[in-house]
Amino acid sequence: MSGGPGNGAAAKGALDLPAFSLDVQALDLGADVKAVSLEILETESREPVRGKQATDFWSAVFPLLSAGEPFVLDFFGHLDRVRDFCAARKISFREAGPRCIVVPQPAQEQLRQLFERFEAETFGFRAGDRVNADDLELTGELSQHGLDAYQAAYQRYSFCAVCEFEDGWVTLLSETIWSSEVIRRVRPATQSFDVYISRPQ
């Protein structure tokens, strides 16, 4: 994913498409859950994009998705590794539950480092003014049930996202951000990295 000309979401011939595509589509998780999936894939093989190319891209995408609102990362597994990594790189974090660490508003380079280090893990991302206050109900549920806890809490935030970067996948839960708005927000990153936006039916 090198910098190149912007490509937007316009249809192109297969030979003209960039090497990587971002699939953005509404996700059916049940009648009471509003979700959008984002998946970064190799355009021809349809295999997930992993490693530095993917984590560089995601670290550019998430600040755009947050649109200037405060955000945090939620970790609920391998907590000793998270503590050690953050301490070694002077990344602020707080213990937020029996088995939950919250990393508030890391700078983009710190975000990239976290994404790169924990690419193989599943972790969460929340955005919205509510992240500035402790959400003991949510962090308690995250400690017990992992990111399933987001389904009962995401309405309190602009969005909650489940990050599964090893599979090239992000699931965004939001009452207010639809797939078209996701595309609008992330378009600068797709143009910078020359990634084609696809909207599968």
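Where is the place of Lys90? Select it: Lys90 lies in the loop that joins H2 to strand E4 (94–97). This is a predicted model, so treat the tour as a walk through computed geometry.

**Stop 1: two positive phi values**

Stay on Lys90. Its phi is positive, about 55 degrees, although Lys90 is not a glycine. Most residues other than glycine have a negative phi. Lys90 counts as exposed, because its relative accessibility of 72% is over 50%.

Now select Ala67. Here too phi is positive, near 55 degrees, in a residue other than glycine. Ala67 sits in the loop between H1 and strand E3 (71–75). With a relative accessible area of 48%, Ala67 is partly exposed.

**Stop 2: H2 against H3**

Select residues 79–88 for helix H2 and residues 108–117 for helix H3. The two pack at an angle of about 145 degrees, and their axes are 12 Å apart. The crossing of H2 and H3 is right-handed. Show side chains next. From H2, pick Arg81, Phe85 and Cys86; they meet Gln113, Leu114 and Arg117 of H3. Colour this contact by residue class: three are nonpolar, one is polar and two are charged.

**Stop 3: H1 against H5**

Move to helix H1, residues 52–66, and helix H5, residues 179–192. Their axes come within 8 Å and cross at roughly 140 degrees. H1 and H5 are therefore oblique to each other. Their crossing is right-handed. On the H1 side, select Phe57, Ala60, Val61, Leu64, Leu65 and Ser66. On the H5 side, select Val182, Arg185, Val186, Pro188, Ala189 and Thr190. Colour by class again: this contact of H1 with H5 has nine nonpolar residues, two polar and one charged.

**Stop 4: the nonpolar cores**

In soluble globular proteins, nonpolar side chains tend to be buried together. Which residues touch the most other members of the largest nonpolar core? Select Trp58, Phe62, Leu73 and Phe125; the core has 45 residues in total. H1 gives the most to this core, with seven residues.

Centre on Phe125. Leaving out residues up to four places away in sequence, Phe125 touches Phe62, Ser66, Phe71, Val72, Leu73, Leu111, Tyr150, Phe159, Cys160, Ala161 and Cys163.

Finish at the second core, which is separate and has 18 residues. Val33, Leu138, Ala149 and Leu173 are among them.

Definitions and conventions
Residues are numbered from 1 along each chain as its sequence is written. This is a predicted model: local features need pLDDT of at least 70, side-chain atom pairs count only at pLDDT 80 or more; totals for chains, interfaces and linings use all residues. Side-chain values use heavy atoms; hydrogens and water are left out. Axes are lines fitted to C-alpha atoms, for helices over the stretch in contact, and angles run from 0 to 180 degrees between N-to-C directions. Helices (H or I, at least four residues) and strands (E, at least two) are DSSP runs, numbered from the N terminus. Angles under 35 degrees count as roughly parallel, over 145 as roughly antiparallel, 65 to 115 as roughly perpendicular and the rest as oblique. A crossing is left-handed if the near helix is turned anticlockwise from the far one by less than a right angle, and right-handed if clockwise. Contact means heavy atoms within 4.5 Å. Ala, Val, Leu, Ile, Met, Phe, Trp, Tyr, Cys and Pro count as nonpolar, Asp, Glu, Lys and Arg as charged, and the others, Gly among them, as polar. A nonpolar core is a set of buried Ala, Val, Leu, Ile, Met, Phe, Trp, Tyr and Cys residues joined through side-chain atoms within 4.5 Å. Buried means under 20% relative accessible area, exposed over 50%, partly exposed in between (1.4 Å probe, protein chains only).
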